[in-house]
Amino acid sequence: MRAWIAAVLLLVLAGCGDEATETKSSQYVFGTLVEITVRGVPKDRADAAFVELAEGFRRMHVDWHAWKPGGELMRVNAACKTGETVEVSDFTLPLIRQAKTFHALSDGLFNAAVGEIVGAWGFHADEPPKGRTPPFDEIRALAAQHPSMDDVRIDGHRVTCSNPAVGLDFGGFAKGAAVDWALATLKARGIADAVVSAGGNVGTMGSHGDRPWRIGIRDPKAWGVIASVEAAGGESVYTSGNYERFREADGVRYSHIIDPRTGWPVEHILSTTVIAKSGALADAASTALTVAGVADWPRIAKRMGIDQVLMLDDAGHLYASPKMAARLAFPEGKRPEVIVRPVE
Ligand code: ADP
Ligand code: MG
């Protein structure tokens, strides 16, 4: 969730058509650059909407932050340590609910309760630590307590954790939730055509003039894109990258995506891209499928209701579901082999 990921993970490929009614804004949330483009409304209306978005993002940055004190999620996490019950606002409660839903849908592979483990690996910092050996014993002890979203009970606005190893961390789907909220806010203001990209994770609404929005999927191994897709309004294109946010210790690279079954970082998957109708779902699914890996992603995709997946592993293999494979466009002169697997 760092600014530099934003610049490179996915690129919204700009069209060259009529730019007259296009207004852009760049903002930050969760340390990630959010780029908003709206079309077809006068600049003053677009700018008024951007102010509202900035306020919302600021609140998310405080209340949904997994390690900077002062926000609501941190208050919930403090209560989890003691088993105390806390009242949670309407701003944050829907995310806890969604996290429970995605946990169930993904057979536990998307588990926003692993925050303590993510923190122990050193990822609750703007810069992951370099060099030092991770505290393996502490990590093993936390993993042995199996923190899970099933340990988080919601009763009205009251939330109670029954496992002190639970630490809520929305890092795996908060960008999607933020982009969904931004698009809904623009829509409520009568804006029909918009694209919002958070760290390269893209949500779309309407169209880019008389054509769809064209979205590039970044190649993790080289500058440029592996492929691009045309996104019809309402589609979200999310990529979970295992290659940009990691730590290195004793010659080993540890990624920030944790397999909740072991407490250990995921290996061998460089990136997973998902296209879905909701940003939060696409974001959660791209993380869950990265955990599932090459062998298990079709099963988890099916459970999560996802039919468009593109996965790149560290052996250079590119896997896709049939529906994704059918819509990929490759850069001139490139036609990589795609291993197509049904979602089942
Ligand atoms: P990014 O946002 O960097 O592209 P992801 O969407 O995959 O990547 O989110 C990764 C983040 O999700 C981690 O930094 C951590 O905060 C959180 N996380 C790690 N493992 C899991 C998991 N198994 N389930 C849910 N969230 C996770
Ligand atoms: Mg994600």
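**Exercise 1.** Which residues are the protein donors of the magnesium ion (ligand 2)?

*Solution.* The model is a predicted one, in which local features need pLDDT of at least 70, side-chain atom pairs count only at pLDDT 80 or more, and totals for chains, interfaces and linings use all residues. Residues are numbered from 1 along each chain as its sequence is written, chains are lettered from A and ligands numbered from 1 in the order in which they are written, and side-chain values use heavy atoms, with hydrogens and water left out.

Step 1. Search for donors, that is, N, O and S atoms within 2.8 Å of the metal (3.2 Å for Na, K and Ca); water is not among the atoms, so sites may look incomplete. The search returns Gly172 (O), Asp283 (O), Asp283 (OD) and Thr287 (OG1), at 2.1 to 2.4 Å from the ion.

Step 2. Write the spacing of the donor residues: G-x110-D-x3-T.

Step 3. Place the residues on helices (H or I, at least four residues) and strands (E, at least two), which are DSSP runs numbered from the N terminus. Gly172 belongs to the loop between strand 6 and helix 7, and Thr287 to helix 8 (residues 279-304), so the pair ties together parts 115 residues apart in sequence.

**Exercise 2.** Determine how helix 2 and helix 7 pack.

*Solution.* Step 1. Helix 2 (residues 43-63) and helix 7 (residues 174-188) then meet at about 150°, their axes being 10 Å apart.

Step 1. Classify the angle. Helix 2 is therefore roughly antiparallel to helix 7, a term for angles over 145 degrees.

Step 2. List the contact (heavy atoms within 4.5 Å). Helix 2 contributes Ala49, Glu52, Leu53, Gly56, Phe57 and Met60, while helix 7 contributes Ala178, Trp181, Ala182, Thr185 and Leu186.

**Exercise 3.** In what order do the three strands of the open antiparallel sheet stand, and which helices lie across them?

*Solution.* Step 1. Count two strands as paired if DSSP finds at least two bridges between them. The order is 4-6-5.

Step 1. Identify the edges. Strand 4 (85-87) and strand 5 (152-155) each have a single partner strand, so one side of each lacks a neighbour in the sheet.

Step 2. Examine one pair. Strand 5 is joined to strand 6 (residues 158-161) by four bridges, and Arg153 stands opposite Thr160.

Step 3. Helix 3 (residues 72-82) lies across strand 4 and strand 6, whereas helix 4 (residues 93-105) lies across strand 5 and strand 6.

Key: Axes fitted to C-alpha atoms, helices over the stretch in contact; angles between N-to-C directions. Parallel < 35°, antiparallel > 145°, perpendicular 65-115°, else oblique.
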